[in-house]
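Hi,

Here is the structure I said I would send over.

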Amino acid sequence: MLQQKSFTFNPFAENTYILYDGQGQAAIIDPGCCNRQEEAKLHDFITEKNLKPVRLLLTHGHLDHILGNDFVFRKYGLAPYMNSGDLHLLHSLVATCEIYGLHGVAPSPEPAGWLNEGDTVTFGEIKLEVIFAPGHSPGSLCFYSAEDKKLWCGDVLFNQSIGRTDLPGGDSGTLFRSIRSGLFTLPDDVTVYSGHGMPTTIGFEKENNPFVGALAGN
Ligand SMILES: [Zn+2]
């Protein structure tokens, strides 16, 4: 059975997730921990639950989602799996952090491999389907557990909002299409865990998301 824990890390209030099965096999999604205290929170939970992290998964390459990549690599020996469309963001992490006033950030390890639409990520008893959902960034991915009806969608869709598209590589038409064809086709009772803010469901967003008109019309 899939269990999970979420943390809210770094000045951007980014959600980091740990998914794990009954045997303690775990995946870390988007490690945003950016200082010793946040790293300790992540590691303490892993130790307390006796988890074995075996996968590092990235929904996308924006800095707030990858600040902890170096820590996860050093601590657990895991390099990230991601879509190649965001590799340039991974490579520009340190320079982008300087622009935002975050100094002393370590570069990310190179990816361990690529993930694309239709791929499956398995660890322990858990199986996640990969949904390619560009628009917020060129290489945005969502991870879907059909069995548990849960979706981890990074910054593609939020509780009553959608990802911003004004950052380099963002495109609103592409994002609308990604949400319409990749997310709003999932069952209404799928719970959505976003990169920021509170969880929601596909059904609630189809009814209440203020962008739903634009999403239908593109
Ligand atoms: Zn983002």
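Met82 stands opposite Trp114 in S6. Met82's strand, S5 (residues 80–82), runs parallel to S6, and two bridges join them. By pairing I mean that DSSP finds at least two bridges between two strands. Strands and helices here are DSSP runs (strands E, at least two residues; helices H or I, at least four), numbered from the N terminus.

Before going on: this is a predicted model, so local features need pLDDT of at least 70 and side-chain atom pairs count only at pLDDT 80 or more, while totals for chains, interfaces and linings use all residues. Residues are numbered from 1 along each chain as its sequence is written.

Back to that sheet. It is open, with six strands in the order S1-S2-S3-S4-S5-S6 and mixed pairing. S1 (3–9) and S6 (113–114) are the edge strands, each pairing on one side only. Packed on the sheet is helix H1 (residues 36–48), which touches S1, S2 (14–20), S3 (25–29) and S4 (52–57); a contact is two C-beta atoms, placed from the backbone, within 7 Å. The direction of H1 makes about 170° with that of S1 (axes are lines fitted to C-alpha atoms, for helices over the stretch in contact, and angles run from 0 to 180 degrees between N-to-C directions).

Most residues other than glycine have a negative phi. Ala13, in the loop between S1 and S2, has a phi near 50°. Asn50, in the loop between H1 and S4, has a positive phi of about 60°. Ala13 counts as exposed because it has 12 C-beta neighbours inside 10 Å, and Asn50 is exposed with 10 other C-beta atoms within 10 Å. The cut-offs, with C-beta atoms placed from the backbone: buried is 20 or more other C-beta atoms within 10 Å, exposed is 12 or fewer, and partly exposed is in between.

There is also an open sheet of six strands ordered S7-S8-S9-S10-S13-S14, again with mixed pairing. Its edge strands are S7 (120–123) and S14 (200–201). S8 (residues 126–132) and S9 (residues 141–145) pair antiparallel over four bridges, and Val130 has Phe143 in S9 as its bridge partner.

Last, helix H6 (residues 172–183): Leu175, Ser178, Ile179, Gly182 and Leu183 are buried. They cover an arc of only 105° around the axis, so they sit on the same side of H6 (the arc is that of the directions from the helix axis to the C-beta atoms). Gly173 and Ser181, on the other side, are exposed.

Cheers
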